[in-house]
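User: I would like to learn how to read a model of protein chains with DNA. Could you take me through it feature by feature?

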There are 2 protein chains.
Amino acid sequence: MPQVSISDAEWQVMNVIWSAHSLTAQGVISRLDGQTDWAPATIKTMLHRLVKKQVLTYEPQGNRYVYRPRARRADCVKQASRSFLERVFGGESAPLLAHFLRGSKLSPDEITQLRELLNEKENLS
Amino acid sequence: MPQVSISDAEWQVMNVIWSAHSLTAQGVISRLDGQTDWAPATIKTMLHRLVKKQVLTYEPQGNRYVYRPRARRADCVKQASRSFLERVFGGESAPLLAHFLRGSKLSPDEITQLRELLNEKENLS
DNA sequence: TGTAACTATTTACATACGTAATCGAACTGC
DNA sequence: GCAGTTCGATTACGTATGTAAATAGTTACA
């Protein structure tokens, strides 16, 4: 649903909110402390922009606001992924997969899982 | 080497130049015609910006300029991929791979290739 | 040889983004 | 009750980006 795109810095904010489900501005600020060196004001600006982009909602909770995701993470991931695939790999999945596979460190379990997915793909054709 | 980042629109320009090895402005414009509906002036602006970013060079060839990649495609792909992985998947390769695998259409050959890559990964651990 | 056509360079402008300070209202401790 | 702190809201500002027009230099044809 969200047709707007989430910027680089905004993703960092959204990532902490998605994993916490809901947070006050302070919550976001303290969780980002250490990961980034943004001033609190900077983070608040991004929260506002994310609300305007309808990626977040906020409700008053007592005397402050609680921010909550409005767009699902999976949807945003899907959109960003599609656009990345298109832009950098010309829409070709196989080279993208090969590229990331080569550059990845994978546990044996993960390898098994991926092999499993490949098998499913194969059986569908 | 290129520390600057290539924007969305600029990638489209670079993609045609990388695949042609070298092109005049006209060459780029005609190749993008159909793919985009940018005015020629728009494309020239992007060529200039890409030169300033040191992603392209240009040499006079007869009476016009020929643009040629200065940054290797593979390097730009690597950089963009790393930043995407970080931003959207928190640096975790496995979920990224799973995501794109699920959403991809792959030929039997491609599946074989990917399986091969998985095997190599496995043997390295 | 002048003018049309094309090329490259310069300039333009609105929106997005990164980064933040400031302002006004509310709360809190003295 | 007043001052300092804390919040959210408003404003700021430089660079990047998408999108392109204007201008200047050059070529080529009439």
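Analyst: The axes are lines fitted to C-alpha atoms, for helices over the stretch in contact, and angles run from 0 to 180 degrees between N-to-C directions. Helices (H or I, at least four residues) and strands (E, at least two) are DSSP runs, numbered from the N terminus. This is a predicted model, where local features need pLDDT of at least 70, side-chain atom pairs count only at pLDDT 80 or more, and totals for chains, interfaces and linings use all residues. Residues are numbered from 1 along each chain as its sequence is written, while chains are lettered from A and ligands numbered from 1 in the order in which they are written.

User: How are two packed helices described, and at what angle do α6 of chain A and α5(B) cross?

Analyst: Two packed helices are described by the angle between their axes and the distance between the axes. Here the axes of α6 (residues 108-124) of chain A and α5(B) cross at roughly 5° and come within 10 Å. α6(A) and α5(B) are therefore roughly parallel to each other.

User: Which residues of α6(A) and α5(B) meet?

Analyst: Residues are in contact if their C-beta atoms, placed from the backbone, lie within 7 Å. From α6(A) come A:Glu110, A:Gln113, A:Leu114, A:Leu117 and A:Lys121, and they meet B:Ala94, B:Leu97, B:Ala98, B:Leu101 and B:Arg102 of α5(B). For classes, Ala, Val, Leu, Ile, Met, Phe, Trp, Tyr, Cys and Pro count as nonpolar, Asp, Glu, Lys and Arg as charged, and the others, Gly among them, as polar. This helix contact has six nonpolar, one polar and three charged residues.

User: What does the whole contact between chain A and chain B take from each chain?

Analyst: It takes 33 residues from chain A and 33 residues from chain B. On the chain B side, α1, α4 (73-89), α5 (93-103) and α6 (108-124) each supply at least two residues. The most come from α6(B), with 10 residues. By class, that side of chain B divides into 17 nonpolar, eight polar and eight charged residues.

User: What rotation superposes chain B on chain A?

Analyst: Copies are superposed by least squares on the C-alpha atoms of residues with pLDDT of at least 70 in both. A rotation of 180° with 0.1 Å of shift along its axis does this, with an RMSD of 0.1 Å. That is the relation of a two-fold axis. In chain B, B:Leu97 comes closest to the rotation axis, at 3.2 Å (C-alpha). Also, 100% of the interface residues of chain B are interface residues in chain A, so the copies meet through the same surface.

User: How many residues surround DNA strand D, and which are closest?

Analyst: A residue is near a strand if its C-beta atom, placed from the backbone, lies within 6 Å of it. For DNA strand D there are 21 such residues, and the closest are B:Ser7, B:Asp8, B:Ala9, B:Ala41 and B:Thr45. At least two residues each come from α2 (25-32), α3 (40-52) and β3 (64-69) of chain A and from α1 (8-20) and α3 (40-52) of chain B. This surface has eight nonpolar, nine polar and four charged residues.

User: Which residues are closest to DNA strand C?

Analyst: They are A:Ser7, A:Asp8, A:Ala9, A:Ala41 and B:Arg64, among 21 residues that surround DNA strand C. Here α1 and α3 of chain A, with α2, α3 and β3 of chain B, each supply at least two residues.

Methods. Contact = placed C-beta atoms within 7 Å. Parallel < 35°, antiparallel > 145°, perpendicular 65-115°, else oblique.
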